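This report describes one protein chain as a set of computed values. Please look over the sequence and the structure before reading on.

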Amino acid sequence: MKQYLPMKVTVSIIKADIGGLPGHAWVHPKILEFAAERLREEQRSGLLIDYFVYNVGDDMSLLMTHTKGENNPDIHGLAWSIFKEATENIAKKVKLYGAGQDLLKDTFSGNIRGGLGPQVAEMEFEERPSEPLVVFAADKTEPGAFNLPFYRIFADPFNTAGLVIDPAMHQGGFRFEILDVYEGKVYLLDAPENSYDILGLIGTPGRYIIRRIYRKSDLVQASVTSVERLNLIAGRYVGKDDPVAIVRAQHGLPAVGEVLEAFAYPHLVEGWMRGGSHVGPLMPAKMVSIDQERKIALGPKMTRFDGPPKVIALGFQLHDGYLEGPRGLI
Ligand SMILES: [Mg+2]
């Protein structure tokens, strides 16, 4: 009988807006193709196990799997060089709108988290015998837009029946790591015991953001949300950042359907039109196309008033670090 050997895998998403086609609408398909080609080279070189490239609106996400852990200079440097080269060789050449807008510094200093501009969501974990992953990306909004749906996924039994039925979740619930982006403080609060305190914070989504969620009984990490630019500006608010997030599902964690159900309600979020001066409903949106061979997916198109704020979800099965899929889940 084949023995199951647990393996530590890191799933990294690094994303940036390096120019829109037209205005703030969409990523140029040539940029997605360029990024996929570069990541393919690094898969051949052995740096990456697997990868996938996709966009929502004007933001391109590089999804990468590897064994290097979080904050690895090779992985961050690869993403930075892809964003830089695509800016110089494509975005600036064809004069995309806001070419290179998220690249705030000229040189790479070993970690994208050092205020360089792109957003990062990374999670290192031991791969389970079956490892379903749901990857979210949102456009024209802010990281706090995920507060309400993530609370409902991991703390609301009317959304997630597993909190009542599944013994692994029933015993202990989940621990929420919440970041105060004004003060740089981190709060660790447990649901259901501290539900009212969690809600008291995350109801102010421009200030308090759910960054990570753990299963309390064994501290298995279940989710991570990007908070990068907001993270380092304790005491000063620098504005909106379209967020990405990774959620692990099933087998002692919420089911894929429970993870998605929380997005069925289009609650109002900030970040729409003119530097985020408008609020709008967070709309689940369908990918235009998913090409599993080329490992590229094209995100939904803007429909009205540079918006609305929208969220996409891609579903993968991870196996030995390889990304099976994805399926568009919305
Ligand atoms: Mg955007």
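## Basis of the values

This is a predicted model, in which local features need pLDDT of at least 70, side-chain atom pairs count only at pLDDT 80 or more, and totals for chains, interfaces and linings use all residues. Residues are numbered from 1 along each chain as its sequence is written, and side-chain values use heavy atoms, with hydrogens and water left out.

## Overall form

The protein has eight helices and 17 strands; these are DSSP runs numbered from the N terminus, helices being H or I of at least four residues and strands E of at least two. Its C-alpha atoms fill a box of roughly 55 × 55 × 35 Å along the principal axes.

Of the 330 residues, 57% are buried, meaning under 20% relative accessible area with a 1.4 Å probe and protein chains only as cover. Contact means heavy atoms within 4.5 Å. Among contacts between residues at least 6 apart in sequence, 70% join residues at least 24 apart.

## The S6–S7 hairpin

Strand S6 (residues 174–180) and strand S7 (residues 185–191) run antiparallel and are joined by seven bridges; two strands pair if DSSP finds at least two bridges between them. The two strands form a hairpin with four residues between them. Asp180 stands opposite Lys185 in S7. In the turn, Gly184 has a positive phi of about 75 degrees.

Helix H3 (residues 147–155) is mostly covered, with seven of its nine residues buried. The buried residues are Asn147, Pro149, Phe150, Tyr151, Ile153, Phe154 and Ala155.

Leaving aside residues up to four places away in sequence, Leu163 touches Ile153, Phe154, Ala155, Asp156, Pro157, Met169, His170 and Phe174. Ile153, Phe154 and Ala155 in that list are also among the buried residues of H3. The C-alpha atoms of Leu163 and Pro192 are separated by 9.8 Å, and the two residues are 29 residues apart along the chain.

Definitions and conventions. Buried means under 20% relative accessible area, exposed over 50%, partly exposed in between (1.4 Å probe, protein chains only).
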